[in-house]
Amino acid sequence: MDKSELKRIAAAHGLTKLTDQQLEQFGTVLETGRKRASLLPKDLHWSEEPAHALRLAKNAEGGQ
């Protein structure tokens with residue numbers, strides 16, 4: 001994911017003042033979260049999802 005896409009996702013979630021280093025870390029967190037979430041059973045109820053599988057809520061723009 002490129003820097004402009006990360007900035008767009010971060011801004012959509014109110015994270016408008018991230019430094020470049022923080023933005024890079026944010027991208028790493030998003031990618032790791034996607035990978036971990038894909039490994040979870042598909043029939044897992046949201047209340048059973050482990051806390052380390054962070055998912056951002058969908059926003060009005062239809063993004064992440």
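1. What percentage of the 64 residues in the protein chain do buried residues make up? The share is 20%, where buried means under 20% relative accessible area, exposed over 50% and partly exposed in between, with a 1.4 Å probe and protein chains only.

2. This is a predicted model, in which local features need pLDDT of at least 70 and side-chain atom pairs count only at pLDDT 80 or more, while totals for chains, interfaces and linings use all residues. Residues are numbered from 1 along each chain as its sequence is written, and side-chain values use heavy atoms, with hydrogens and water left out.

3. The protein chain has two helices and zero strands, these being DSSP runs numbered from the N terminus (helices H or I, at least four residues; strands E, at least two).

4. In helix α1, which spans residues 3-12, the buried residues are Leu 6, Ile 9 and Ala 10. Because they cover an arc of only 100° around the axis, they lie on the same side of α1; the arc is taken from the directions from the helix axis to the C-beta atoms. Helix α2 (20-39) is included in what covers these buried residues of α1.

5. After α1 comes Gly 14, with a positive phi near 80°.

6. The segment after α2 contains Ala 57, which is exposed at a relative accessible area of 55%. Between Ala 57 and His 13 the C-alpha to C-alpha distance is 8.6 Å, although 44 residues separate them in sequence.

Note on methods: Contact means heavy atoms within 4.5 Å.
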